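This report looks at salt bridges in one protein model. Where do the charged partners sit, and what do they connect?

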Amino acid sequence: MTENTSVEAVELDLLVEAVSRCAGINLSDIPNLSLRLRVEQIASSMGAHTISSLQDKILHDRRLMEQFISQATALPAMLFADSHFYRDVREKIAPLFATRPFVRIWHAGCATGEEAYSMAILLKEEGVFDKCRIYATDIGDTMLHSARAGIFAESYLKEQEPRYLASGGKGSVYDYFIQASGHVVFDQNLRRNIVFAHHNLSRDACFNHFDLIVCRNVLQYFTAPMQERVLRLFDKSLVEDGILALGKHESIEFQPRSSKYNHVDGMEGFYRKNEEAA
Ligand SMILES: C[S@@+](CC[C@H](N)C(=O)[O-])C[C@H]1O[C@@H](n2cnc3c(N)ncnc32)[C@H](O)[C@@H]1O
């Protein structure tokens, strides 16, 4: 066998193909070396000695497939990641929320919860937190477990402070965490309006109606048919005039429902639903 067709390279190609066909997840844009390292790590954590045996396990166990996807697509956990996104929500969306009696927000693909925590902090600072409920969902149970606990190393907060300030933060990120021995815990007063739950965008149904759906850095891993399915789900789940916020590499252009949405002026990745345009 030549170097490019080592057994592991063939196994990795087959795994990528299997995950795309069976779960609608496209891993082929992840650079080969980092995908291979991740896959080998996941295989070892699932007790699989080869990539083929990992494939066998995940294809026959839905929960293991979900665990695999959540670990294969994980990003470093950061508060206020892409601080301009939170600045936009703070300056342009929170004032809209102030005019509504009750607000529901859905973070779809919330990973370990940092997006939901960041949102809670900014809503609190903008004076609308008490009327908001945040639903944060993911397929990764281990991630959801960490999200619910909200425990971070003390050193972690120091790294988050510059992004919090760049997002328009009005105090310090330390204000929202309680010191415990050797670590910090997210403030329970903010945690109380956040529900973390398991929800699989590829198979589960609409479960509420939302003023804002945030789904960042998730659709980019989905195959075209899966993206279409998920955007249909979001469409059903958004109230009229509701806003969908995607990541910087994601768009609803070319999707069948895109004519129902207007790009929100000056806000990259934000789309407003407009029933009348349908
Ligand atoms: C790259 S992370 C993005 C996390 C977060 N939104 C952010 O931007 O930091 C992708 C997340 O999508 C989740 N995910 C992947 N497929 C999913 C699906 N079918 N349903 C729900 N969540 C999914 C993964 O578990 C992972 O936590």
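## A pair within helix H2

Arg36 is partly exposed, at 26% relative accessible area. The model is predicted. In it, Arg36 forms a salt bridge with Glu40. Their closest N and O atoms are 3.2 Å apart. Glu40 is partly exposed too, with a relative accessible area of 34%.

Both residues belong to helix H2, which spans residues 32–45. They are four residues apart, so about one helical turn separates Glu40 from Arg36.

## A link between two loops

Asp82 pairs with Lys248 in a salt bridge. The closest N and O atoms of this pair are 3.2 Å apart. Asp82 lies in the loop between helix H4 (62–72) and helix H5 (83–97). Lys248 lies in the loop between strand E8 (238–246) and strand E9 (261–263).

How accessible is Asp82? Its relative accessible area is 22%, and it counts as partly exposed.

Glu125 forms a salt bridge with Arg90. Here the closest N and O atoms are 3.0 Å apart.

## Network and total

Salt bridges also link four residues into a network: Arg62, Arg63, Glu66 and Asp141. The structure holds 17 salt bridges.

Terms used: Residues are numbered from 1 along each chain as its sequence is written. This is a predicted model: local features need pLDDT of at least 70, side-chain atom pairs count only at pLDDT 80 or more; totals for chains, interfaces and linings use all residues. Side-chain values use heavy atoms; hydrogens and water are left out. A salt bridge is a side-chain nitrogen of Lys or Arg within 4 Å of a carboxyl oxygen of Asp or Glu. Buried means under 20% relative accessible area, exposed over 50%, partly exposed in between (1.4 Å probe, protein chains only).
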